[in-house]
Amino acid sequence: MMRNLLAGIAAGAAGTTALNAVTYLDMATRARPASTTPDDTVRKAQELTGIDLGESTEDVENRRSALGALLGIASGLATGALYGLLRPRLRRVPLGVLGIGAGLAANVGTTGPMAALGVTD
């Protein structure tokens, strides 16, 4: 079980890295700015919880940016971990279906909180 969990986390890390690489390549190619939705999600969560992220505006903005990125990484790792734990029980399910399921789970894991907080629809 531990082996499956670790393999899933490694797969989640690889998927997260690939997604980040494609995102930054797109930003470089099209000269587009980074998305503000991760920062906005942290801002909304901060408003709801009352957590203080610092005294200066610059400190707060930097922490929001970092926490937004960390939430994306955590979502990718958690999706991989869940996949690693469930995969042995789903041996009869075609790999393509499992891949689609993992992709949907990762998408919901990242966009679900954003939608719930009203950052995006």
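Student: How many helices and how many strands are there in the chain?
Tutor: This is a predicted model, in which local features need pLDDT of at least 70 and side-chain atom pairs count only at pLDDT 80 or more, while totals for chains, interfaces and linings use all residues. Residues are numbered from 1 along each chain as its sequence is written, and side-chain values use heavy atoms, with hydrogens and water left out. Helices (DSSP runs of H or I, at least four residues) and strands (DSSP runs of E, at least two) are numbered from the N terminus. The elements run α-α-α-α from the N terminus on, and the count is 4 helices and 0 strands.

Student: What percentage of the residues of the chain count as buried?
Tutor: The C-alpha trace spans about 55 × 35 × 25 Å along its principal axes. A residue is called buried under 20% relative accessible area, exposed over 50%, and partly exposed in between, with a 1.4 Å probe and protein chains only. Of the 121 residues of the chain, the share that counts as buried is 17%.

Student: What span should helix α2 have?
Tutor: Helix α2 holds the 13 residues 37-49, and the expected span is 1.5 Å times one less than the number of residues.

Student: Why do the buried residues of α2 line one face of the helix?
Tutor: The buried residues of α2 are Asp39, Thr41, Val42 and Gln46, and what covers them includes α3 (57-86) and α4 (95-116), whereas Glu47 and Leu48 are exposed on the other side. The directions from the helix axis to the C-beta atoms define an arc. Seen down the axis of α2, the buried residues line one face because they fall within an arc of 160°.

Student: Which element gives the largest share of the lining of the largest pocket?
Tutor: A pocket is an open set of points on a 1 Å grid over the protein atoms alone, where a 1.4 Å probe fits, with protein on both sides within 12 Å along at least five of seven lines, and lining residues have an atom within 4 Å of a point. The largest pocket is lined by 37 residues, of which Leu19, Asn20, Gly72, Ile73 and Thr110 lie nearest its centre. The elements that give two or more residues to this lining are α1 (2-30), α2, α3 and α4. The largest share, 11 residues, comes from α3.

Conventions. Contact = heavy atoms within 4.5 Å.
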